[in-house]
Amino acid sequence: MTRPPKKTKPVVSLPQDAPVPALLPPATAPPPAPAPAHRHQNFDRAARAAVARLSGGVSSYAFFEAWSDWAQHLSRAPGRQMELAEHAQRNLLKLMALATTPGSPPPFVPKPYDHRFDHEGWQKQPFQMWQQGFLAMQDWWDHATEPMRGLRTEDAERARFLTRQTLDVLSPSNAPFLNPEIVAETLKTGGRNLTEGAAHFAHDAVKTLTGQRDPAPEGYQIGKDLACTPGQVVYRNDLMELIQYTPQTPQVHARPILIVPAWIMKYYILDLSPDNSMVRYLVGQGFTVFMISWTNPTSDQRDLSLEDYRKRGVMAALDAVTKIVPDTPVQAVGYCLGGTILAIAAATMARDHDDRLASVTLMAAQVDFAEAGELLLFLDESQIAFLEDLMWEQGYLDRPQMARAFAAIRSEDLIWTRAVRRYFLGREDVPTDIGVWLSDTTRMPARMHSQYLRGLFLENRLTAGRFAVEGRVIALKDLSVPLFVIATETDHIAPWRSVYKTKLFTDSDLTFVLTKGGHNTGILSEPGHKGRHFRISRRPAAAHYVGPDAWLAETAPKSGSWWPDWADWLAAQGGGLSDPPAMGAPDNGLAPLGPAPGAYVMQP
């Protein structure tokens, strides 16, 4: 009796020149089944989009799931229940001691970023007891929502976030008769503060419902007071304009600088007022500076992709710069999301042996999103699908919808403190350059934003070796140019430990800076800015990795601005001095198109 021949597994082979996909399927995997067609799925999407508009784009399911997970784990943890009962008892005893011992120091203090209780009236009775009772309750809930065995960490964090949002609504600082500052102002003005506050509320409500924007206040006009560094638009396509700034020194560093800003907001955060403009500072230090100014996409541009931003944004700008300053490598700078797309572009260039970059600077930019901070509270499959339905209907995600999520992370200060000041104290918002920039909102095209949220935030593909450009995987390890990476201490959009992980995924020479401030204020750290400090160190190429906490312990802070150290680093990579290049390159089809700041920055 003979046995049948042994079956062998089919061999998957690729043509020699075929690009390797991001993930190779198993050799025996069956072809994926086609997704079932649902006749009324668009009706479902429209219904979810309507709900998303009411909720600010936040999916309630993810938070209800987190609350249920927390409650069920707590219900079968009698030891934790006893601990919480004891904690409540201790907090109650502290409040009783405060009430019965006049002059004793308050046992609870607000969080460092919480300014709702700054007024001196909160130190007097009965306001102090109301404040301390609220803070005691906040302290108990912080303890109650700490991780438990078996409870998913993200659910514990979401439960804490939900609790914090609820407590913020109930804070005594929001009640006119429980807030000593409102009471004092009402007595002082005879109630005029409340009538003026009501007018402010009506104005803001109409503006929110209609989508109208207030004009820029006097002294904060774009092109005159803000974004006013002289220059010319030298290139334009449907996605971006390229600005070349006028030199201010007789000679310049030979290698130009190309800045890639985020498109979640307009570029002029880096060219704000003349005294804090990073662009003006660099030009004054003898650098030839180019800046990308992104378009504010409309619903007609819903299909713009992340690849479009790389190819027709970063790479198109680089092509233009190298025509204007030929035969010279470029020093590339990326801020926030612009830094992420710059890192993708630089890794792609390294893979393809494109050597047109001399250095890369990443400012408050993440390449790994595993520790992306509290923004991850809003990102899971349910939440992203909810946002996708909203963008499917609109064609984009509007900036106010994103701003609500950013503000909710620090709602104590960014929502409630401002609301009390504006609606109960009757005070106008004091205009500032950064405040005007924050209100000059932009949109995010649907396709790109979905790719960004899924591929980078949710799946973390860039550092996992699964991010493909033009069908082939890229790796940050391929970068060989010097890197300069800046993080900020109190950044809640790109936490500094997340930015620090750039060290973990690169091997080239890298200088890391940790500076005082937040996502925007830490970057705007011009020389002469009072109270600034920073830490800086250099990691040679191929050096061993040092974790963020060990690095923090061994790196002493320095007073002042980090800009001069960065300018010295750029100068060291600058290729020596030369005469300034011409404005544009008319012979190469890059004639100046008009003065800076250009047309795209004016788009509503």
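**Aromatic pairs**

The count comes to 26 aromatic pairs, where rings of Phe, Tyr and Trp (its six-membered ring) pair if their centres lie within 6.5 Å; planes under 30 degrees apart count as stacked, over 60 as edge-to-face and the rest as tilted. One of these pairs is formed by Trp 70 and Trp 141, which is tilted, with 6.0 Å centre to centre and 45° between the planes. Trp 70 belongs to helix α2 (residues 60-75) and Trp 141 to helix α4 (residues 127-144), so the pair ties together parts that are 71 residues apart in sequence. Helices here are DSSP runs (H or I, at least four residues), numbered from the N terminus.

This is a predicted model, in which local features need pLDDT of at least 70 and side-chain atom pairs count only at pLDDT 80 or more, while totals for chains, interfaces and linings use all residues. Residues are numbered from 1 along each chain as its sequence is written, and side-chain values use heavy atoms, with hydrogens and water left out.

Trp 70 counts as buried because its relative accessibility is 6%, whereas Trp 141, at 21%, counts as partly exposed; buried means under 20% relative accessible area, exposed over 50%, and partly exposed in between (1.4 Å probe, protein chains only).

A second example is the pair of Trp 562 and Trp 563, which is edge-to-face, with 6.5 Å centre to centre and 80° between the planes. Trp 562 has 0% relative accessibility and therefore counts as buried. Trp 563 is likewise buried, with a relative accessible area of 1%.

Ring pairs can also join into a group: Phe 117, Trp 122, Phe 127, Trp 130 and Phe 134 are linked by them into a cluster.

The axes of helix α7 (residues 192-210) and helix α13 (residues 411-424) come within 6 Å and cross at roughly 115°; axes are lines fitted to C-alpha atoms, for helices over the stretch in contact, and angles run from 0 to 180 degrees between N-to-C directions. Among the residues that make this contact are Phe 201 of α7 and Tyr 423 and Phe 424 of α13, where contact means heavy atoms within 4.5 Å.

How values were computed. Helices (H or I, at least four residues) and strands (E, at least two) are DSSP runs, numbered from the N terminus.
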